Amino acid sequence: ARGNENMNIKANEHVEIALSIDPGDHNFLHQSGLCHLAMNDRKKAFQRFNTAISLSPNFCPSLFNVSRIYHSTGDLTRAEDNLNKCIELGNADIDASETYRERGLVYFEKNMLSESERDFTKALELAKSNEIDNYFYRGESKRCLGDYKGALEDFAVVEAEGAGSAIIESGRYRFSRGVCLAQIGDLTNGLKDLTLACELSPEEASYISYRADVLAQLGLFREAEEALAEAVAVQKKINSSGLWSLLRKLSVAQFKQGNFATAEKSFHKALLQSKRATDHLEVADLYYKRGVCLAHLKKYSRAYTNFDKALSYDVIRHRPERILYHHERAKAAQMCKKHHEAVEDFSTVIKLAPDDHRAIFRRGWSYKSLGLFLLAAEDFEKARALQPECKLYKLNYRAIGNVECIVLGKPGEEIIPLNLLDEFQRHTAQS
């Protein structure tokens with residue numbers, strides 16, 4: 001390394017001598033830029049390349065290197081502009097395949113995936129240099145476009161011809177191939193690649209998180225939860241920007257396993273990051289699930305507050321999930337002896353689902369607590385008529401004077417009526 005550094009310094013000294021003789025030679029300026037680039041002095045290199053361009057505006061070698069510097073600093077628009085000019089000029093002084101490859105990388109970072117795939121294909125057509133890289137990046141573009149089989153075809157070429165290459169040994173390659181395999185249903189082999197990706201790139205929380213998704217799809221919920229906890233720990237070391245998504249997934253994984261006390265704490269941590277959420281419905285869903293956890297833990301007042309929050313974040317008034325939020329808030333209100341609020345929410349549920357015998361029966365108990373005995377009796381009788389085989393509905397009115405209510409099921413067990421789902425789908429299709 002020291003030898004190369006000394007060679008670059010010596011080469012630059014010779015170029016500087018040449019420039020002292022002819023400071024207006026754009027070729028000498030370009031060579032000086034290359035020397036500074038080799039010495040990792042991008043600022044000086046950028047100045048020399050731009051001076052060369054000012055003297056010869058169509059000098060493609062300097063335009064190309066300036067574009068790469070722009071790319072490395074994140075100025076993708078200027079990088080693209082310079083590469084477009086190189087391609088339009090079609091200058092033989094630079095490798096056209098390299099230019100298309102570089103523009104493909106810029107397009108990929110700009111999320112212009114179709115254009116990215118096109119440029120990598122063009123790079124492959126024009127030359128054999130960096131072929132493995134081009135196959136990999138084209139495969140990446142296809143993956144992000146959802147063409148998982150096409151991506152795997154490109155990755156197969158990388159696998160066959162790139163043995164021992166840096167790409168094959170990278171976590172990014174294993175992750176990308178693992179995602180594609182999982183997406184076409186090969187979860188077992190996808191998991192193998194994702195596991196290797198996490199080993200090769202342990203600092204990539206997104207890799208660990210995706211691996212957790214595949215573990216969950218395979219029914220390995222405990223392992224998925226452990227992976228998500230690891231992803232959260234990794235992300236915390238980097239920054240907090242990705243914590244919302246990871247904590248949301250972790251809390252849901254715990255919730256699905258019935259670990260309500262643990263899940264409730266994770267939901268709390270996730271919701272502290274909810275300002276980073278881009279979808280209010282995701283926030284609503286977390287408040288709902290946290291409310292269910294709290295109801296399981298018999299903390300009904302806090303459960304009520306969370307169901308209330310869920311409804312405030314659910315801005316789509318005709319969304320089917322709202323009936324669940326109302327139903328659970330009604331049940332929590334009833335357990336807190338907020339019977340006016342309970343009647344209001346149960347009535348909302350019954351308006352949306354007139355045959356929901358559970359809501360009708362539970363509303364009857366709140367009517368009873370409010371002293372509205374005729375309305376209570378009407379609800380009890382209607383519930384029994386709708387579900388005559390249910391023994392709980394066969395009440396002895398003389399024996400229920402001191403009974404607050406009869407709980408019919410566990411928190412979170414209510415279901416969305418099919419008619420509401422059908423209606424929402426029709427509304428969505430029309431809009």
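The crossing of helices α19 and α20 is left-handed, a term for a near helix turned anticlockwise from the far one by less than a right angle. This is a predicted model, in which local features need pLDDT of at least 70 and side-chain atom pairs count only at pLDDT 80 or more, while totals for chains, interfaces and linings use all residues. Residues are numbered from 1 along each chain as its sequence is written, and side-chain values use heavy atoms, without hydrogens and water.

**Two helix pairs**

Helices here are DSSP runs (H or I, at least four residues), numbered from the N terminus. Two packed helices are described by the angle between their axes and the distance between the axes. Axes are lines fitted to C-alpha atoms over the stretch in contact, and angles run from 0 to 180 degrees between N-to-C directions.

| Helix pair | Residues | Angle | Axis distance |
|---|---|---|---|
| α17 and α18 | 300-313 and 322-335 | about 155 degrees | 9 Å |
| α19 and α20 | 339-352 and 357-369 | about 155 degrees | 9 Å |

α19 and α20 pack at an angle of about 155 degrees. That makes α19 roughly antiparallel to α20 (the angle is over 145 degrees). Contact means heavy atoms within 4.5 Å. On the α19 side, the contact includes Val343, Phe346, Ser347 and Ile350. Arg363 and Tyr367 are among the residues of α20 that take part. By class, this contact has eight nonpolar, four polar and two charged residues. Ala, Val, Leu, Ile, Met, Phe, Trp, Tyr, Cys and Pro count as nonpolar; Asp, Glu, Lys and Arg count as charged; the others, Gly among them, are polar.

Now the other pair. α17 and α18 pack at an angle of about 155 degrees. α17 is therefore roughly antiparallel to α18. α17 passes α18 in a left-handed crossing. Their contact has 10 nonpolar, one polar and four charged residues. Tyr300, Phe307 and Leu311 are among the α17 residues that meet α18. On α18, the residues include Tyr325, Arg329 and Met335.

Is arginine 363 buried or exposed? Arginine 363 is buried, because its relative accessible area is 14% (buried is under 20%, exposed over 50%, partly exposed in between, with a 1.4 Å probe and protein chains only). Arginine 363 lies in α20. Leaving aside neighbours within four places in sequence, arginine 363 is in contact with Val343, Phe346, Ser347, Ile350 and Asp379. A polar contact of 2.8 Å joins its side chain to that of aspartate 379. Such a contact is a pair of N or O atoms within 3.5 Å; within protein, one must be able to donate a hydrogen and the other to accept it, and residues adjacent in sequence count only if both atoms are side-chain atoms.

Lysine 289 lies in helix α16 (residues 280-296). Lysine 289 counts as buried, at 13% relative accessibility. Not counting residues up to four places away in sequence, lysine 289 touches Val252, Phe255 and Phe267.

Note on methods. Parallel < 35°, antiparallel > 145°, perpendicular 65-115°, else oblique.
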